[in-house]
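Open the model in your viewer and keep the sequence panel beside it.

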Amino acid sequence: MTITYSCIANGRAVLAELALTGGSYQEAVATVLKLVLLRAEPKTIMQMGSFVYHTLFIDGITYLCATDNALDTITPSAFLKNMKYNNNQDGSSISTLRSQVTDVKNIMSQNIDEILESENRLNIVTDRTNDLQTTAKESQKTRKILRRIWWKHFRKIVVITVVILLSIIIILLSTNVIPT
């Protein structure tokens, strides 16, 4: 008994394959994979043409091999289990990659949250800056108004002071207290 063909498939997509003899296995493999997906049984054995196809279906992954002897089921089963165990070793690297992807997603999510928080703080600072600019402009206007009022009062005080001084001088001159 010889295993003439083997492959690993995800659904109907063949991920890896090896054919030890010449021939076209694609049509038969496509049919077997379709039937395996429809049945969703962990193990199947199908005769197609001069080959017997043995499958092991686990977690959506199909491990398949073709033999030229329909009587021997032990060798193909052991071969498929060996493929599965070898694949599980790769599964640890897949698990590692998934873990790393999850870590990257978490870090990216944290970065996005930090950016959003920074944006919120920036908006608050921008609003405060705008408020300060508005207050500064209002303060300048208020200072100008207060300066105008102060100058008006100052002018009034100067005018009143001059009038009082002139009145005193006139009174003193009229009373002849000050010689002319």
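Contact here means heavy atoms within 4.5 Å. The model is a predicted one.

**Whole chain**

Colour by secondary structure to begin. The protein has 2 helices and 5 strands, and from the N terminus on the order is β-β-α-β-β-β-α. Its radius of gyration is 49 Å, well over the 16 Å that the globule rule gives for 180 residues, so the protein is more spread out than a compact globule. Turn the view along the principal axes: the C-alpha trace spans about 155 × 30 × 25 Å.

Next, show the surface. The accessible surface comes to about 13,500 Å², and 60% of that belongs to carbon and sulfur atoms. Buried residues make up 18% of the 180 residues. Of the contacts between residues at least 6 apart in sequence, 40% join residues at least 24 apart.

**The largest nonpolar core**

Select Tyr-5, Tyr-25, Val-29, Val-32, Tyr-53 and Leu-64 and show their side chains. These are the residues with the most contacts inside the largest nonpolar core, which has 14 residues. At least two residues of this core come from each of strand E1 (3–10), helix H1 (26–39), strand E4 (51–58) and strand E5 (61–67). H1 gives the largest share, 5 residues.

Now centre on Tyr-53. Neighbours within four places in sequence aside, Tyr-53 is in contact with Tyr-25, Ala-28, Val-29 and Val-32, among others. Its contacts also include Thr-44, Ile-45, Met-46 and Met-48, as well as Leu-64, Cys-65 and Ala-66.

A second, separate core has 8 residues, among them Ile-3, Ile-61, Cys-65 and Met-83. Select those four to locate this second core.

**Along strand E4**

Move to His-54, which is in strand E4. Is His-54 buried or exposed? His-54 counts as buried, because its relative accessibility is 2% and the cut-off for buried is under 20%. Leaving out neighbours within four places in sequence, His-54 is in contact with Thr-44, Ile-45, Tyr-63, Leu-64, Cys-65, Thr-67, Asp-72, Thr-73, Pro-76 and Leu-80.

Step on to Thr-55, also found in strand E4. Thr-55 is buried, with a relative accessible area of 3%. Which residues is Thr-55 in contact with, leaving aside its neighbours within four places in sequence? They are Val-32, Val-36, Pro-42, Lys-43, Thr-44, Thr-62, Tyr-63, Leu-64 and Leu-80.

From that list, pick Lys-43, which lies in strand E3. Not counting residues up to four places away in sequence, Lys-43 touches Thr-55, Leu-56 and Lys-81. Then draw a distance from Lys-43 to Asp-127: their C-alpha atoms are separated by 68 Å, and the two residues are 84 residues apart along the chain.

**Two loop residues with positive phi**

Select Ala-40, in the loop between H1 and strand E3 (43–48). Its phi is near 55°, a positive value in a residue other than glycine. Ala-40 is partly exposed, with a relative accessible area of 49%.

Then go to Asp-59, in the loop between E4 and E5. Asp-59, a residue other than glycine, has a positive phi, near 55°. At 77% relative accessibility, Asp-59 counts as exposed, because the cut-off for exposed is over 50%.

**The nonpolar patch**

For the last stop, select Trp-150, Trp-151, Phe-154, Val-158, Val-162, Leu-166, Ile-169, Ile-170 and Leu-173, and show their surface. Together they make a nonpolar surface patch of about 820 Å².

Zoom in on Leu-166, one of the patch residues. Leu-166 lies in helix H2 (residues 74–174). How is Leu-166 classed, and with what relative accessible area? Leu-166 is partly exposed, with a value of 47%.

Technical notes: Residues are numbered from 1 along each chain as its sequence is written. This is a predicted model: local features need pLDDT of at least 70, side-chain atom pairs count only at pLDDT 80 or more; totals for chains, interfaces and linings use all residues. Side-chain values use heavy atoms; hydrogens and water are left out. Patches are made of residues with over 30% relative accessible area and no salt bridge: like charges are joined within 9 Å, nonpolar side chains (Val, Leu, Ile, Met, Phe, Trp, Tyr) within 5 Å. Accessible areas come from the Shrake-Rupley method with a 1.4 Å probe; for residues, only the protein chains shown count as cover. A salt bridge is a side-chain nitrogen of Lys or Arg within 4 Å of a carboxyl oxygen of Asp or Glu. Helices (H or I, at least four residues) and strands (E, at least two) are DSSP runs, numbered from the N terminus. Buried means under 20% relative accessible area, exposed over 50%, partly exposed in between (1.4 Å probe, protein chains only). A nonpolar core is a set of buried Ala, Val, Leu, Ile, Met, Phe, Trp, Tyr and Cys residues joined through side-chain atoms within 4.5 Å. The radius of gyration is taken over C-alpha atoms; the globule rule is 2.2 Å times the number of residues to the power 0.38.
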